[in-house]
Amino acid sequence: MTGAREAAAALGLPFAEAPPRLPARDLLAPLPMQYARRHLVLPLVRDAERLEVAVADPHALAALDDLRLLYGARVDPLVVPAEVLREAISRAYDAAASAASEDGASLGARLELDATPLDDAAEPPDLLEAGEDAPAIRLINAVLYEAVRAGASDIHIEPFERSLAVRLRVDGVLQDLLAPPLRLHAALASRVKIMAGLDIAERRLPQDGRIALRVGGRDVDVRVSIVPTAAGERVVLRLLDRASVLRDVSDLGLSAATTAGLSGILPSPHGLFLVTGPTGSGKTTTLYALLRRLATGERNVLTIEDPVEYQLRGIGQMQVAPRIGLTFAAGLRAILRQDPDVILVGEIRDRETMEIAMQAALTGHLVLATLHTNDAASALTRLLDMGAEPFLIASSVLGALAQRLVRRVCSACGGAGCASCHGDGFRGRTGIHELLVIDDEARALIMRRSDASALRRHATAAGMTTLREDGFAKAAAGITTEGEVLRATRDEDG
């Protein structure tokens with residue numbers, strides 16, 4: 001406390017043992033809680049020209065400059081001891097969250113939302129043009145609005161024994177958003193069920209649904225998953241933004257060498273091309289980008305997916321429905337009777353689907369498919385493990401692209417943390433890739449049933465850039481960091 005007082009005196013700034021007041025809720029709205037906690041800054045009051053800000057470190061000029069730009073006002077610092085300020089920040093944001101849960105007014109809730117189940121024929125109204133007044137409705141609307149604004153991929157509504165948490169997954173990392181009173185949980189879960197067309201009376205069994213939204217002219221598809229837990233129903237909403245999924249190949253973060261390799265594969269009239277990686281690694285985005293390049297109007301392009309993420313112009317898309325017998329294998333057989341040139345198989349999950357896909361690749365069709373493997377070489381050995389004959393793999397597979405997503409260094413602050421990136425230093429994600437092209441030596445290794453390590457050694461000797469190497473190149477270019485690359489590729493350590 002003495003250090004803060006002395007620092008204030010040395011700079012001729014006012015000092016206080018504690019903030020004289022907590023800020024109004026609307027004053028906190030532009031400033032993410034994570035940023036306030038990281039930099040220990042708290043806006044207190046604002047008038048036409050000035051913003052009074054409690055700070056623990058009066059030398060934190062970058063943070064003060066961020067606030068000046070964010071609020072468009074001159075910043076007058078008030079120095080407060082760090083521990084006292086940290087507690088005040090928690091109290092201020094907790095008070096704002098509690099008030100928001102009562103009237104649904106936080107985080108842009110003044111912009112209301114109506115939504116309809118995805119299979120409703122009516123076009124969903126825009127978020128900016130609809131309105132509801134009930135607290136639970138307005139709170140859900142506010143959370144959805146903030147999630148879309150922040151570029152979140154998922155919303156988690158998580159009940160615990162004595163608390164309720166609302167969190168967003170932004171750039172692959174979960175972040176706390178709100179802590180509403182636990183008594184609102186049932187109303188929030190019911191509202192989501194109504195929006196997704198689910199049974200609001202069913203609380204014992206898991207339910208899945210979908211919602212169509214429009215936010216400021218942007219179409220957003222929301223997949224809803226509700227699972228009963230000991231503390232109540234846990235709700236997870238996955239947001240699929242057409243703008244983030246429908247990208248061109250040039251926007252995927254591919255290196256020049258990988259782009260050149262793909263340019264040699266995609267024009268092939270037949271063969272099987274695999275995209276691999278764990279869930280959430282961007283495989284769908286990559287496949288859609290490749291399909292859009294292939295759908296020139298001269299080719300008949302068909303897909304079998306689970307689910308169909310987005311409607312692609314000029315492409316016939318089929319969604320699997322196992323309950324009525326429409327599996328990947330059954331759908332793929334039907335597609336082959338539709339005179340296709342290019343086929344996308346959303347995922348090769350079983351031997352039957354694999355065998356049909358490989359036969360299609362050998363009989364004049366270009367087949368794109370995904371597998372869940374850690375690297376490109378493992379995709380080939382996975383086919384062997386699933387029972388494929390080596391000669392079929394060697395003669396049908398063109399190559400395999402493995403990928404991960406890493407967070408981008410924030411362009412506004414260069415990684416130091418600012419209001420634009422919520423103080424994290426990262427904003428957005430890009431891909432890192434490795435492309436294994438099947439050549440004669442790789443075919444010989446497959447015929448000998450060589451393991452993934454042998455295939456990987458050959459591919460790297462032939463010039464393949466590994467995931468980690470591609471990531472380090474992007475880190476050296478300032479696009480991401482080495483820490484991000486190591487996090488995303490830690491399975492390579494084994």
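Predicted model: local features only at pLDDT ≥ 70, side-chain atom pairs only at ≥ 80, totals over all residues.
1. Buried means under 20% relative accessible area. Leu 40, with a relative accessible area of 11%, is therefore buried.

2. Leu 40 deserves a look for its backbone. Its phi is positive, about 50 degrees, although the residue is not a glycine. Most residues other than glycine have a negative phi. Leu 40 sits in the loop between α3 (33-39) and β1 (41-46).

3. Asp 171 is not a glycine, yet has a positive phi of about 55 degrees. Its place is the loop between β6 (164-170) and β7 (173-178). Relative accessibility is 15%, so Asp 171 counts as buried.

4. Now the charged pairs. Side chains of opposite charge can pair when their charged atoms come close. The structure holds 27 salt bridges.

5. Arg 5 and Glu 17 form a salt bridge, with the closest N and O atoms 2.5 Å apart. Arg 5 lies in helix α1 (residues 2-11) and Glu 17 in the loop between α1 and α2 (25-28), so the bridge ties together parts 12 residues apart in sequence. What is the exposure of Arg 5? Arg 5 is partly exposed, at 42% relative accessible area. Glu 17 is also partly exposed, at 39%.

6. Glu 484 pairs with Arg 407 in a salt bridge, and their closest N and O atoms are 3.1 Å apart. Helix α18 (residues 482-488) holds Glu 484, while strand β16 (residues 397-409) holds Arg 407, so this pair ties together parts that are 77 residues apart in sequence. Are Glu 484 and Arg 407 buried or exposed? Both are buried.

7. Asp 440 forms a salt bridge with Arg 443. The closest N and O atoms are 3.0 Å apart. Both residues lie in helix α15 (residues 440-447). They are three residues apart, about one turn of the helix. Asp 440 counts as exposed, at 62% relative accessibility. Arg 443 counts as partly exposed, at 29%.

8. Which residues are linked in a network of salt bridges? Arg 50, Arg 74 and Asp 76 are linked in this way.

How values were computed: Residues numbered from 1 in each chain as written. Heavy atoms only, no water. Salt bridge = Lys/Arg side-chain N within 4 Å of Asp/Glu carboxyl O. Helix = DSSP H or I, 4+ residues; strand = E, 2+ residues; numbered from the N terminus. Buried < 20%, exposed > 50% of the residue type's maximum accessible area, 1.4 Å probe, protein only.
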